[in-house]
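I opened my notebook on a structure I had not seen before.

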Amino acid sequence: MITYWQRGHGVTTYWSAAIETASVGEVERLQRDGLRRTLRACLRVPHYRDRLARAGVDPAAVRCADDLASVPFMDKDQLRAMQPWGVCATPLADVARFNATTGTTGLPCNIAFTRLDLDDIGELGARNLTAMGVNGDDIAWQCYGYGLWIGGSALDRAYERVGVTAFPAGPGRTSLAIERLRDLGVTVISCTPTFALLLVERAREAGIDPATDWNLRVGIFGGETMSPAAVDLLTEAMPAGFQAHNTYGTTELGGPFVAGTCEFSAAQGTVHVWADHHLVEIVDPESGARVTQPGVTGELVVTSLRREASPMLRWRTRDLTSWAADAYDCPCGRRAHPKISWVSGRTDDVLKVRGTLVMPSQVDDVVRATVGTGAGWQLVVDKDPEGLRATEATVVVEVAGGLDESVVADIGRRLADRLGIRLPVLASRERELPRYEGKARRVLSVTEFAEVAPSLAALVGARPGTVAEPAR
Ligand SMILES: [Zn+2]
């Protein structure tokens, strides 16, 4: 860990200063080497070899980022076809570990890691933690999932590398968590923003005030969309000076440390992508054409540059993001590691309601920014699970302190301003909607909603603005 004094910008601490502050040219050279390595690894995998041959791509001719445009994308269906061992570009004897995707959109996929791959998770995790201001004096409460999922073990590696004292609590056990955060003077928490909001809610119910009873100073949030309003709520609830950070990654890409915030990007809603390990593109989800203009939303596509067991060639993440206006010019000095915006949604979460695109993250932002709302909300849609189009989407919101027509009307107005479309809003009492300990499932079909909130489901599709008075 090295700390530099930067003129005009104060102190910045780096984990691997040489590579974090390398020039764009130096990192491009590393990318060309990495791309060569990745293509060589891919040629050992029959699936990749066949696909490149079918597309008429000469792997030797793919030398730089621009050449990648001729390489076919890889998506979830192709990865599924490669199960049960996944990509596995190395002999099984060299695979140290398998993790699996969460299977949010189908069967979980196994992803292989060699010892070097696991070592790289620790390295990138240590870079993220250091950029977030976490150090060896911190005590961390770790709530990302364990088992087959990669989140928990990846955070453990990062904490160990940096020398943080960690409690591998995993998700759940909220009553223990809210007390331990107080009794141990925990300074860092890692979890989804949804779980952090749940902890705040449970703490207050138990008479614990997170702002004064907890000692948290850094939140390492990820695993789902970061809504700026949720981050504001968390920051307000926590002790003064608390900083909400975002760590981005997916299991297919080797875990949660593909990108992360620095002190400047945290305030901006962007993350630095570690460009010596990942070559990123943003593409139009429909045409596949590259999006290069800052601020224009597209799908993140990532090519791994160092992974041995599971090399990824143009992996379609389905995550929506955009280039930051100052992508290569962050005051923190990590100038060769470009900044992209926090993921605003997933291509498979985007709904087309009466012809207008609606992203759950936009609704989340509006609901959380409205005074008087509770912690739970759902978007209930009448669409088939695979489709994009819905004729109607109802926003069901918990209203704190009893049912209040003015809060419902306020949300309706704000949603119309934000989305350009009027959606029916249904109020429910506090604690009537589901709570999530990991990724929140905000979009539910009418049938799914009937299972979690039967008394409210009958009112979906009733007149807009209906205030629910469910039977008790
Ligand atoms: Zn930065």
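I began with the contact between the two domains: 22 residues of domain 1 touch 15 residues of domain 2. This is a predicted model, and I read it as such. I checked the bounds next. The domain assignment gives residues 3-26 and 111-346 to domain 1, and 351-468 to domain 2. Over C-alpha atoms, I found the two centres 28 Å apart.

Then I looked up the buried area. Domain 1 and domain 2 bury about 1400 Å² between them. Carbon and sulfur atoms carry 53% of that area. On the domain 1 side, Thr 194, Glu 201 and Ala 229 lose the most area to domain 2. Together these three make up 26% of what that side buries.

Next I turned to the metal. Which residues coordinate the zinc ion? I noted Cys 262 (SG), His 272 (NE2), Cys 330 (SG) and Cys 332 (SG), at 2.0 to 2.3 Å. The angles among the four donor atoms run from 102 to 116 degrees, and the site is tetrahedral. I wrote down the spacing of the donor residues as C-x9-H-x57-C-x1-C. Cys 262 sits in the loop between β10 and α11, and Cys 332 in the loop between β14 and β15, 70 residues apart. Both Cys 262 and Cys 332 are buried.

Last, I went to the nonpolar cores. The largest has 89 residues, and Trp 214 and Phe 221 have the most contacts inside it. Helix α8 (residues 193-205) gives this core its largest share, seven residues. Another core lies apart from it, with 24 residues, including Val 353 and Ile 411.

Key:
Residues are numbered from 1 along each chain as its sequence is written. This is a predicted model: local features need pLDDT of at least 70, side-chain atom pairs count only at pLDDT 80 or more; totals for chains, interfaces and linings use all residues. Side-chain values use heavy atoms; hydrogens and water are left out. A nonpolar core is a set of buried Ala, Val, Leu, Ile, Met, Phe, Trp, Tyr and Cys residues joined through side-chain atoms within 4.5 Å. Buried means under 20% relative accessible area, exposed over 50%, partly exposed in between (1.4 Å probe, protein chains only). Helices (H or I, at least four residues) and strands (E, at least two) are DSSP runs, numbered from the N terminus. Donors are N, O and S atoms within 2.8 Å of the metal (3.2 Å for Na, K and Ca); water is not among the atoms, so sites may look incomplete. Four donors count as tetrahedral if all angles lie between 85 and 135 degrees; four count as square planar and six as octahedral if opposite donors are over 155 degrees apart and all others between 65 and 115; anything else is irregular. Domain bounds come from an automatic or database domain assignment. Contact means heavy atoms within 4.5 Å. Buried area is the accessible area (1.4 Å probe) that two parts lose on being put together, summed over both.
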